[in-house]
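Good morning, colleagues. Please look at the model on the screen while I go through its pocket, its sheet, its core and a few individual residues.

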Amino acid sequence: MTSETMTIRQMCDLFDVTPRTLRFYEAKELLFPVREGQRRLFTRRDRARLKLILRGKRFGFSLEEIRQLLDLYYVGDSQETQLSRTLDIAQDRLNDMERQRAELNEAIDELRNQMQLVGDMLSSRHSAAQ
């Protein structure tokens, strides 16, 4: 192993993922480790791709969206297409997240109101019983 490559164990430790996760991304053709017999050796390119995959997943991008963005790196326009498409997908995702947050805030408020009503009902019953 050279300093340019890392074993599956080193990748798992560095990125806090499981070997299964790395094999999954390899099977989905998102990572392309070098094979030496049964060993997988991950290059700097694989490390950069995994970093982007994990960031995309954290933001809720689908694997297909991530694949498309990674593939755009090689278009040959100094990443302009890739960056533009990333911005478009990120804006869509941000809009979705903000909508979900608003819905969640509304549900939280409703639950608090219902809890207050039930609490008031219990209090009035305890007062009447005494």
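The lining of the largest pocket comprises 10 nonpolar, four polar and two charged residues. In this classification, Ala, Val, Leu, Ile, Met, Phe, Trp, Tyr, Cys and Pro are nonpolar, Asp, Glu, Lys and Arg are charged, and the others, Gly among them, are polar. The model is a predicted one, in which local features need pLDDT of at least 70 and side-chain atom pairs count only at pLDDT 80 or more, while totals for chains, interfaces and linings use all residues. Residues are numbered from 1 along each chain as its sequence is written, and side-chain values use heavy atoms, with hydrogens and water left out.

Let me state how the pocket is defined. The search uses a 1 Å grid over the protein atoms alone; a cavity is a set of points where a 1.4 Å probe fits but cannot get out, whereas a pocket is an open set with protein on both sides within 12 Å along at least five of seven lines, and a lining residue has an atom within 4 Å of a point. Points are joined across faces, edges and corners, and the volume is the space filled by probe spheres set on them. On that basis, the largest pocket holds about 290 Å³ of space.

Which residues lie nearest the centre of the largest pocket? They are L52, R55, F61, L69 and T86, out of 16 lining residues. Helices α3 (44–58), α4 (63–71) and α5 (80–129) each contribute at least two residues to this lining, and α5 gives the most, with seven. Helices here are DSSP runs of H or I with at least four residues, strands are runs of E with at least two, and both are numbered from the N terminus. Why does the largest pocket lie between domain 1 (1–67) and domain 2 (75–130)? Both domains give residues to its lining, so the pocket lies between them. The domain bounds come from an automatic or database domain assignment.

I turn now to the sheet. It is an open sheet of three strands in the order β1-β3-β2, with antiparallel pairing. Because β1 and β2 stand at the edges with a single partner strand each, one side of each is left without a neighbour in the sheet. Two strands count as paired if DSSP finds at least two bridges between them. Strand β1 (residues 6–7) is joined to β3 (residues 39–42) by two bridges, and T7 stands opposite L41 in β3. Three bridges link β2 (residues 34–36) to β3. In that pairing, R35 stands opposite R40 and E36 opposite R39. The two strands β2 and β3 form a hairpin with two residues between them, and G37 in the turn has a positive phi of about 65°.

Next, the backbone angles. Most residues other than glycine have a negative phi. D16 is not a glycine, yet has a positive phi of about 55°; D16 sits in the loop between α1 (8–15) and α2 (19–27). Is D16 buried or exposed? D16 is exposed, at a relative accessible area of 72%, where buried means under 20%, exposed over 50% and partly exposed in between, for a 1.4 Å probe and protein chains only. Q79, also not a glycine, has a positive phi of about 70°. Q79 lies in the loop between α4 and α5 and is partly exposed, at 30% relative accessible area.

The largest nonpolar core has 19 residues, and M11, L22, Y25, L31, L50 and I53 touch the most other members. Helices α1, α2, α3 and α4 each supply at least two residues of this core, and the largest share, four residues, comes from α4. Such a core is a set of buried Ala, Val, Leu, Ile, Met, Phe, Trp, Tyr and Cys residues joined through side-chain atoms within 4.5 Å.

I close with two separations. Q10, in helix α1, is partly exposed with a relative accessible area of 29%. The C-alpha atoms of Q10 and L41 are separated by 9.7 Å, at 31 residues apart along the chain. Q130 lies in the segment after α5 and is exposed, with a relative accessible area of 83%. For Q130 and E103, 27 residues apart along the chain, the C-alpha separation is 41 Å.
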